[in-house]
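Thanks for making time this morning. I would like to walk through a structure with you slowly, one piece after another, so please keep the picture open while I talk.

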Amino acid sequence: MTGTGVGEALVTLTDVSAGYGNTHVLHDINFTVREDQFTGILGPSGAGKTTMLRLLLGSLKPQSGTITRAPKLAVSYVPQLETVDWNFPITVFECVLMSRTARRLLPWATPSEKADVASVLERLGIGDLSHRHIRELSGGQQQRMFLARALLRKPAMLLLDEPTSGVDFSTRHDVLHLLADLHEDGMSIVLTTHDLNGMAAHLPHLVCVNHHIVASGTPQEVITPEVLEGTFGARMEVLQHLGVPVVVEDSRTAG
Amino acid sequence: MTDILEPLQFAFFQKGLLVAALSGALLGFIGVYIVLRGMSYIGHGLSHAIFGGFAAMQLFAAQLYIVGAGLWGVLSAISITAVSRRSRVGADAAIGVITTASFALGVALFAKFGTSGPSFENALFGSILGISATQIWGLVGVTLLTVAVVFLRYRVLLFTTFDPDVAQASGVRVARVEALLMTILSLAILATLTVIGVTLVAAMLVIPAVIARMLTNSFGRMLALSTGIGTLCGLVGMYLSYYASVPSGTMIVLVGAAVFLVVLAITGARGLRRTAGLDSHRESVSTAR
């Protein structure tokens, strides 16, 4: 996996500051997402990771700075599971079909749309759940449903907000492999995470954020005690295991 | 049987029954979007705001009251949305200021100048007396318009209701869809105001949709059920209103409340669980930073 991307720039953030109302969450962000990129935005809660995704997505305007997008860029977004209204009365099929809004005036799905939804659900291993209510799915299945909705749009860039938050070890493993496969197929992927060992250490490229960009590079380059202290505000120890950095709480600051 | 048919011999009751059924259906239909968006308070606020326009138009141009009060309602809805978006005033506070001021203006106009249309009490609690052909055609027109809008914009309305952020990112013009929804909501409130009454319209926006939510997990079925329940409440409420000699809106809402209790008894905790997130939908989709 190349991680940093080698192709054309899809979205470029130049000197961007952003926030909500009078609150400033991000300052002076310079960041480019290219074709074939696979990046994790790493940082603690409240550091501005989701805000950065929203800037890339275009759902939030910067307070200052400029954002440049490739023409007709198709972007899909997978929300944080915790922010979804799971009581909303929709089935998996209705949820996935939701992303097909363009040039479609009638409410019901065409035969080709039904086939497309069935195909993407099948690919993600939840083909038999299409008529279930969204709350009846497990955490991993819910994540796959939103991935299915995102993939139905055939995006060039896929954004995921904390895709492994609140899911078990096996699901986290599955999601990572699924994303690696999508990246292999040529999709650019940017996700946010605060999970150092379970997620960040396994990604090809990381950007450490705490209201500004603290560091960026491969996990080997940025998962260091110095960068982690600058990002999370706490001293951590980093060990190496089979070439992968493993973060442990520093015994001098623990307790 | 003859008791049931008896009121049908009166033309005013036939018109009332038609308008009550259509009003219940229309409010039940559009109420699904209002309830699922956690915007029940907007229905409550708008009905009060429109009352101001209604009273003013009765005074200055009674024949054009639908146009004037409709415009008033749409402007109120847009003002509420704009104030709550662009300033530090929250939507609930914005509604509190804009709609109660408009309602107070309506009360003042009624008190000072009286009305050529329905009485103050009828405007508040609904009445089937004196329903004109214009009102019936107005209600039919608004119902057809609402059905057409929902039919043609079904997917974007669903997408922006469930997940506005992702809808925006997927190319849906969320602000435009919200303005469209606010417009048809204002027109629906206005068209049903005389039968259901200002103070009770909001209840009929909420009750059928909540009952439908207790009965199904599918959005499409919820729309159909809520429309059916609204129609039923309108029909039964109108009949009971005739026999009990109480305002039509009051009885329609009481029938809705009774249906709610029956469904609650049948569905129990499962039904209640399904309605649990209805008041917090907006917050749940916009908390992440």
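This is a predicted model: local features need pLDDT of at least 70, side-chain atom pairs count only at pLDDT 80 or more; totals for chains, interfaces and linings use all residues.

Strand β1 of chain A, residues 9-20, pairs with β2(A) in the antiparallel sense, and the pairing runs over 8 bridges. If you want one place to look, take Tyr20(A), whose bridge partner in β2(A) is Thr23(A).

Of the 289 residues in chain B, 52% are buried. If we take the contacts in chain B with a separation of 6 or more, 76% of them are accounted for by residues 24 or more positions apart.

Let me pick out one pair of helices. In general, two packed helices are described by the angle between their axes and the distance between the axes. Here, α7(B) and helix α10 of chain B, residues 174-196, pack at an angle of about 155°, and their axes are 9 Å apart. Because angles over 145 degrees count as roughly antiparallel, that makes α7(B) roughly antiparallel to α10(B). The crossing of these two helices, α7(B) and α10(B), is left-handed. Among the residues that meet there are Leu139(B) and Val142(B) from α7(B), and Ile184(B) and Leu187(B) from α10(B). Sorted by class, the contact of α7(B) with α10(B) has 9 nonpolar residues, 5 polar ones and no charged ones.

Finally, how many residues does each chain bring to the contact between the two? Chain B gives 32 residues and chain A gives 30 residues. On the side of chain B that touches chain A, the elements that give two or more residues are α7 (133-152), α8 (154-162), α9 (164-169), α12 (219-244) and α14 (281-284). Of these, α8(B) gives the most, with 6 residues. By class, that side of chain B divides into 16 nonpolar, 10 polar and 6 charged residues.

Notes:
Residues are numbered from 1 along each chain as its sequence is written. Chains are lettered from A and ligands numbered from 1 in the order in which they are written. Two residues are in contact if their C-beta atoms, placed from the backbone, lie within 7 Å. Helices (H or I, at least four residues) and strands (E, at least two) are DSSP runs, numbered from the N terminus. Ala, Val, Leu, Ile, Met, Phe, Trp, Tyr, Cys and Pro count as nonpolar, Asp, Glu, Lys and Arg as charged, and the others, Gly among them, as polar. Axes are lines fitted to C-alpha atoms, for helices over the stretch in contact, and angles run from 0 to 180 degrees between N-to-C directions. Angles under 35 degrees count as roughly parallel, over 145 as roughly antiparallel, 65 to 115 as roughly perpendicular and the rest as oblique. A crossing is left-handed if the near helix is turned anticlockwise from the far one by less than a right angle, and right-handed if clockwise. A residue is buried if 20 or more other C-beta atoms lie within 10 Å of its own, exposed if 12 or fewer, and partly exposed in between; C-beta atoms are placed from the backbone. Two strands pair if DSSP finds at least two bridges between them.
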